[in-house]
Amino acid sequence: MLERITINPAIFSGKPIIRDRRLAVEHVLGMLAAGDDFETLLEGYPWLEREDILACLAYGRA
């Protein structure tokens, strides 16, 4: 699952991102911590998949 998390020095100064997109793992974790649910994230980012969110959680735990 963690293969969904990538690091690209050209995007967000090399912070972990989701599948080379301009969405940082820390942003997803912050939205979840603020009370947003999976559905809200999936609606806000149509390309985002449930497995991407789960990968962010797994990355944060690691």
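Start by selecting W47, which at 22% relative accessibility counts as partly exposed. Bear in mind throughout that this is a predicted model.

A pair of aromatic rings is described by the distance of the centres and the angle of the planes. Under the rule that ring centres must lie within 6.5 Å, the count comes to one aromatic pair. The ring centres of Y45 and W47 are 6.4 Å apart and the planes stand at 75 degrees, so this pair is edge-to-face; the cut-off for that label is over 60 degrees.

Next, select F12 and R22. Here a charge meets a ring: the charged end of R22 sits over the ring of F12, at 4.9 Å from the ring centre.

Move to T6, in strand 1, which covers residues 5-7. Show the T6 side chain together with the backbone of D20: a polar atom of that side chain lies 2.9 Å from the backbone nitrogen of D20. Then display the contacts of T6, leaving aside neighbours within four places in sequence: K15, P16, I17, I18, R19 and D20.

Finish at V28, in helix 1 (residues 25-33). Is V28 buried or exposed? Its relative accessible area is 0%, so V28 is buried. To see what surrounds V28, select I18, L23, L41, I53 and C56, which V28 touches when residues up to four places away in sequence are not counted. For L41, draw a distance between C-alpha atoms: those of V28 and L41 are separated by 7.9 Å, with the two residues 13 apart along the chain.

Technical notes: Residues are numbered from 1 along each chain as its sequence is written. This is a predicted model: local features need pLDDT of at least 70, side-chain atom pairs count only at pLDDT 80 or more; totals for chains, interfaces and linings use all residues. Side-chain values use heavy atoms; hydrogens and water are left out. Rings of Phe, Tyr and Trp (its six-membered ring) pair if their centres lie within 6.5 Å; planes under 30 degrees apart count as stacked, over 60 as edge-to-face and the rest as tilted. Buried means under 20% relative accessible area, exposed over 50%, partly exposed in between (1.4 Å probe, protein chains only). A charge sits over a ring if NZ of Lys or CZ of Arg is within 6 Å of the ring centre and within 35 degrees of the ring normal. Helices (H or I, at least four residues) and strands (E, at least two) are DSSP runs, numbered from the N terminus. A polar contact is a pair of N or O atoms within 3.5 Å; within protein, one must be able to donate a hydrogen and the other to accept it, and residues adjacent in sequence count only if both atoms are side-chain atoms. Contact means heavy atoms within 4.5 Å.
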